[in-house]
Amino acid sequence: MTRAWFVTGTDTGVGKTLVSAALLHALALHHPRVVGMKPVAAGAEPHGAGWANDDVLALRAASTVQVPPELDNPVLLPDPLSPHIAARRAGVTIDIDHIASCYRQLRTLADAVVVEGAGGFLVPLGEDSTGADLAQALALPVLLVVGLRLGCLNHSLLTLEAIRARGLVLAGWVANHIDPLMQAQDDNIAYLQRHLRAPMLARIPFSLAPDPKTIAITVPPA
């Protein structure tokens with residue numbers, strides 16, 4: 001049976017890719033075939049004979065199986081903008097049903113799949129769809145990456161409410177120290193441990209160049 005999770009964050013730039021890659025490395029210790037998926041990636045750079053997104057490349061580097069790019073990154077958008085704006089500029093409609101089909105195909109190729117969402121949980125994918133709709137369509141347990149900075153408590157609790165409103169389960173969360181000047185960091189983490197009511201899977205210290213291979217992360221229940 002394939003294990004899988006949906007990774008979201010309290011905001012963009014909080015370390016979802018880092019955590020997703022760390023989870024893939026942890027899973028690879030117990031499963032021969034693990035693969036990351038970035039359904040929607042906004043922002044592409046030249047890569048080889050084509051184009052790629054840095055987050056997608058990081059997930060591929062942490063995966064143990066190579067899959068067709070149209071499966072692990074079904075939607076690649078040129079501009080580093082909110083997906084709904086980047087898609088409109090590219091003349092693309094983000095089709096959640098198509099993404100779900102790609103995900104189901106990935107499940108047949110791997111023992112574990114880590115799906116990284118774009119931005120925060122409610123990031124718009126279209127005029128009438130969000131990342132929450134995608135998570136709901138995939139029906140996966142959710143892993144929340146909390147970027148520790150001022151405001152993270154509000155963002156965390158709002159995200160938790162949105163996850164539960166979709167009938168999904170918060171399987172665990174990760175505290176990522178992204179602001180080295182943040183005050184009362186331990187107090188913030190203690191509050192989240194009491195109120196998120198899910199296991200803290202890792203606490204990642206601040207680093208200018210974090211390495212996902214060195215992060216000790218507990219594999220959440222699936």
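## Strand β1 and its partners

In strand β10, Val 7 has Leu 143 as its bridge partner, and Gly 9 is bridged to Val 145. These belong to a set of four bridges that join β1 to β10 (residues 142-148), the two strands running parallel. With β7, β1 pairs in the parallel sense over six bridges; here the partner of Gly 9 is Gly 120. Two strands count as paired if DSSP finds at least two bridges between them, and the elements themselves are DSSP runs numbered from the N terminus: helices are H or I of at least four residues, strands are E of at least two.

A word on the model before we go on: it is predicted, so local features need pLDDT of at least 70 and side-chain atom pairs count only at pLDDT 80 or more, while totals for chains, interfaces and linings use all residues. Residues are numbered from 1 along each chain as its sequence is written, and side-chain values use heavy atoms, leaving out hydrogens and water.

## The sheet and the helices on it

Six strands make up an open, parallel sheet in the order β2-β7-β1-β10-β11-β12. The edges are taken by β2 (34-37) and β12 (200-204), each with a single partner strand, so one side of each has no neighbour in the sheet. On average, neighbouring strands are turned by 20° against each other, direction ignored. Within this sheet, β1 is mostly covered, with six of its seven residues buried (under 20% relative accessible area with a 1.4 Å probe, protein chains only; exposed is over 50%, partly exposed in between).

Helix α1 (residues 16-28) packs on the sheet and touches β1, β2, β7, β10, β11 (170-177) and β12; contact means heavy atoms within 4.5 Å. The direction of α1 makes about 175° with that of β7. Helix α5 also packs on the sheet, touching β1, β2 and β7, and its direction makes about 170° with that of β2. Such angles run from 0 to 180 degrees between N-to-C directions, with axes fitted to C-alpha atoms, for helices over the stretch in contact.

## Nonpolar cores

The largest nonpolar core has 47 residues, and Val 113 and Trp 173 have the most contacts inside it. Its largest share, six residues, comes from α5. A core here is a set of buried Ala, Val, Leu, Ile, Met, Phe, Trp, Tyr and Cys residues joined through side-chain atoms within 4.5 Å. Leaving aside residues up to four places away in sequence, Val 113 touches several residues, including Trp 5, Val 35, Met 37, Tyr 103 and Leu 106.

## Asn 176 in β11

Asn 176 is found in strand β11 and is buried, with a relative accessible area of 5%. A polar atom of the Asn 176 side chain lies 2.7 Å from the backbone oxygen of Val 14. Not counting residues up to four places away in sequence, Asn 176 touches residues that include Gly 15, Leu 18, Val 145 and Ile 204.

## Helix α6

In helix α6 (residues 131-138), the buried residues are Gly 131, Ala 132, Leu 134, Ala 135 and Leu 138. They lie on the same side of α6 because they cover an arc of only 160° around the axis, taken from the directions from the helix axis to the C-beta atoms. Among the elements that cover them are β1 (3-9), α5 (96-107) and β7 (112-120).

Just after α6, Ala 139 takes a positive phi of about 55°.

Conventions:
Polar contact = N/O pair within 3.5 Å; in protein donor to acceptor, adjacent residues only side chain to side chain.
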